[in-house]
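Subject: Structure handover

Dear colleague,

Please find the structure below. My notes on it follow.

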Amino acid sequence: MTYECIITAVHGEGERKTGLITLNRPKQLNALNDQLMDELGAALLAFDADDGIGCIVLTGSERAFAAGADIPTMAPHNFMSAFKSGLISKNWETILQVRKPVIAAVAGFALGGGCELAMMCDFIIAADSAKFGQPEIKLGIIPGAGGTQRLPRAVGKSKAMDVLLTARMMDATEAERGGLVSRVVAADKLLEEALAAAEQINGFSAPSVALIKELVNRSFEGPLLDAVAVERRYFHALFGTDDQREGMDAFLAKRKPNFKHQ
Ligand code: CAA
């Protein structure tokens with residue numbers, strides 16, 4: 001498939017590499033329209049299905065990760081057309097089907113749907129230039145891709161209410177303090193840092209990586225004790241893999257493990 005609104009590339013030297021997806025509608029600050037979301041979904045699923053890829057990094061430009069859903073496309077909708085067409089539905093949630101880690105590398109604006117897309121990734125590394133917000137209230141709407149649910153889970157009720165109700169932006173420092181982003185780095189080091197994190201994950205055993213992703217997501221999506229019970233099952237199951245034996249043997253022998261990834 002050829003893409004017009006995103007650019008894909010593969011990075012890394014190891015047995016498993018990193019799929020890099022760059023949002024690319026610069027004139028619109030990477031506003032997320034249907035074509036971009038369809039292309040993003042296709043690229044994510046293609047990397048997810050590729051055994052040579054361990055992790056995916058999703059990024060935008062220096063100026064904007066994404067400034068939200070595409071406003072000119074949404075503007076003409078009424079209730080029935082939004083409802084019937086499933087506005088902000090099908091192609092927005094493809095990312096949730098991906099089993100490999102997806103790291104958001106965010107510089108500049110991550111607003112509205114852009115902030116929601118970053119929050120659907122597994123963790124966010126922010127440039128010191130990043131600005132996060134859910135300004136939908138200024139458009140007379142509300143977030144439509146999980147912002148009212150994922151933002152309070154990330155930063156707590158008080159900060160989420162403040163950001164959602166006032167439409168103000170959080171800078172990278174505030175976003176890190178609130179727990180929305182995992183680390184803040186200099187803007188010119190953003191991609192390097194995100195690719196290095198991906199490379200590190202690529203070196204670990206693939207079943208451990210996939211199960212940690214699934215279980216951490218369960219901690220947000222379901223009741224706690226159910227998730228802990230599933231965690232225990234998977235924990236036991238990993239003792240049936242060669243990678244567990246290799247990982248523990250290597251530790252005891254004080255050498256580097258050589259995972260098969262299975
Ligand atoms: N959709 C489409 N185009 C957008 C856009 C969006 N969400 N955000 C910015 N653009 C376009 C602007 O219209 C402008 O295009 P022109 O040059 O053709 O006029 C271009 O990007 C540059 O934007 P600005 O001139 O406004 O740049 P700025 O630096 O002055 O401001 C900004 C940047 C603060 C991000 C401002 O553009 C802005 O507030 N954008 C809208 C942000 C927003 O409301 N996002 C939420 C959308 S709704 C949503 O996402 C719903 C949901 O939950 C899924």
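For the residue classes, Ala, Val, Leu, Ile, Met, Phe, Trp, Tyr, Cys and Pro count as nonpolar, Asp, Glu, Lys and Arg as charged, and the others, Gly among them, as polar. By that scheme the shell around the ligand holds 13 nonpolar, six polar and three charged residues. A residue belongs to the shell if its C-beta atom, placed from the backbone, lies within 6 Å of the molecule. Of the 22 residues around the ligand, the nearest are A31, A67, G68, G112 and G113. Two or more residues each come from α2 (71–74), β6 (109–111) and α4.

This is a predicted model, in which local features need pLDDT of at least 70 and side-chain atom pairs count only at pLDDT 80 or more, while totals for chains, interfaces and linings use all residues. Residues are numbered from 1 along each chain as its sequence is written.

Overall fold

The protein has 11 helices and 10 strands; these are DSSP runs numbered from the N terminus, with helices being H or I of at least four residues and strands E of at least two. Its radius of gyration is 19 Å, close to the 18 Å that the globule rule gives for 262 residues, so the protein is as compact as a globular protein of that length. The radius is taken over C-alpha atoms, and the rule is 2.2 Å times the number of residues to the power 0.38. The C-alpha trace spans about 65 × 40 × 40 Å along the principal axes.

Buried residues make up 36% of the 262 residues. Buried means 20 or more other C-beta atoms within 10 Å of the residue's own, exposed means 12 or fewer, and partly exposed is in between, with C-beta atoms placed from the backbone. Of the contacts with a separation of 6 or more, 69% join residues 24 or more positions apart; a contact requires C-beta atoms, placed from the backbone, within 7 Å.

Domains

The protein divides into domain 1 (6–202) and domain 2 (206–252), with bounds from an automatic or database domain assignment. Their C-alpha centres lie 26 Å apart. Five residues from domain 1 and four residues from domain 2 make the contact. On the domain 1 side, the residues that touch domain 2 are two nonpolar, no polar and three charged.

Helix α5

In α5 (residues 147–155), the buried residues are G147, R150, L151 and V155. They cover an arc of only 105° around the axis, which puts them on the same side of α5; the arc is that of the directions from the helix axis to the C-beta atoms. The buried residues of α5 pack against α4 (113–120), α6 (157–166) and α7 (172–178). After α5 comes G156, with a positive phi near 90°.

Individual residues

Most residues other than glycine have a negative phi. I88 has a positive phi, near 55°, and sits in the loop between α3 (79–85) and β5 (102–106). I88 is buried, with 20 other C-beta atoms within 10 Å. K254 also has a positive phi, of about 55°, and lies in the segment after α11 (242–252). K254 counts as exposed, because it has 6 C-beta neighbours inside 10 Å.

A46, in helix α1 (residues 34–49), is partly exposed, with 14 other C-beta atoms within 10 Å. A46 and R233 are 187 residues apart in sequence and 29 Å apart in space, C-alpha to C-alpha.

Regards

How values were computed. Two residues are in contact if their C-beta atoms, placed from the backbone, lie within 7 Å.
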